[in-house]
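Keep the structure open while reading.

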Amino acid sequence: MKIKTLEFSIGGYFDTNYRIKILHEQLDYQVDDSSPLGPPKPYVVNLEESALSLFTSELERLEVLSWEKEYFNPGVCDGTQWDLEYNIDGKRGKKFGSNAYPGQPEWDISFSPTFIDFLRALNSLIGEEKGFSSSYSGYTS
């Protein structure tokens, strides 16, 4: 599995918003917590081939390319939205969720085990000190 590009964002109106972009062997990462101190600070991580290989193995295990195009909970107006766009092995796709996640019934707004494993895999690339907050909506490391 070869990643040409992968872009992921997650957040909500009152939550911290995260944006991650992988382009070949480089990861750009941004956290926006609407701080009065100014715009979010971007991080750049040069990815080791071994780390990228572990990450792609996890994407395969989680069957990310087979996720539905949309996960939507009609009972919640605000909350957490996420977006995943990719070009992997020449396959392009886009997945979206609004208070719903792969492997979870649409009425259940908690992160599914599959989605938590996906966040953990991303976190391993970002680095735990800069990664998703353990207090972030349903995700715990």
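## Helix α2

This is a predicted model. Helix α2 runs for 14 residues and spans 20 Å from its first C-alpha to its last. That is close to the 20 Å expected at 1.5 Å a residue.

After α2 comes G127, with a positive phi near 110°.

## Helix α1

Helix α1 has 13 residues. From first C-alpha to last it reaches 18 Å, close to the 18 Å expected at 1.5 Å a residue. Its buried residues are L52, F55, T56, E58 and L59. They cover an arc of only 155° around the axis, so they sit on the same side of α1.

The buried residues of α1 pack against β1, β2, β6 and α2. The face turned away from that buried side carries S50 and L54, which are exposed. Just after α1, E63 takes a positive phi of about 55°.

## A salt-bridge network

Side chains of opposite charge can pair when their charged atoms come close. The structure holds 5 salt bridges. One joins the side chains of E58 and R61, at 2.6 Å from N to O. Both residues lie in helix α1, 3 residues apart, about one turn of the helix.

R61 also forms a salt bridge with D117, with the closest N and O atoms 2.9 Å apart. This pair links distant parts of the chain: R61 is in helix α1 and D117 is in helix α2, 56 residues apart. D117 counts as partly exposed because its relative accessibility is 22%. D117 forms a salt bridge with R120 too, and here the closest N and O atoms are 3.7 Å apart. R120 and D117 are 3 residues apart in helix α2, so about one helical turn separates them. Through shared partners, salt bridges join E58, R61, D117 and R120 into one network.

## Aromatic pairs

How many aromatic pairs does the whole structure hold? A search finds 13. Y18 and Y29 form a stacked pair, 6.3 Å centre to centre with 25° between the planes. The pair links distant parts of the chain, with Y18 in strand β2 (residues 17-23) and Y29 in strand β3 (residues 26-32), 11 residues apart. Both Y18 and Y29 are buried.

The rings of Y101 and F115 have their centres 4.8 Å apart and their planes at 45°, so this pair is tilted. Y101 lies in the loop between β7 and α2, and F115 lies in helix α2, so the pair ties together parts 14 residues apart in sequence. Both Y101 and F115 are buried. They also belong to one aromatic cluster with F8, W67, Y71, W82, F111 and F118.

S112 sits in the loop between β7 (91-98) and α2 (113-126). Is S112 buried or exposed? Its relative accessibility is 0%, so S112 counts as buried.

The side chain of S112 reaches the backbone oxygen of P102 at 2.4 Å. Leaving aside residues up to four places away in sequence, S112 touches Y101, P102, G103 and Q104.

Key. Residues numbered from 1 in each chain as written. Predicted model: local features only at pLDDT ≥ 70, side-chain atom pairs only at ≥ 80, totals over all residues. Heavy atoms only, no water. Helix = DSSP H or I, 4+ residues; strand = E, 2+ residues; numbered from the N terminus. Buried < 20%, exposed > 50% of the residue type's maximum accessible area, 1.4 Å probe, protein only. Polar contact = N/O pair within 3.5 Å; in protein donor to acceptor, adjacent residues only side chain to side chain. Contact = heavy atoms within 4.5 Å. Phe/Tyr/Trp six-rings, centres within 6.5 Å; stacked < 30°, edge-to-face > 60°. Expected span 1.5 Å × (residues − 1). Arc of directions from axis to C-beta. Salt bridge = Lys/Arg side-chain N within 4 Å of Asp/Glu carboxyl O.
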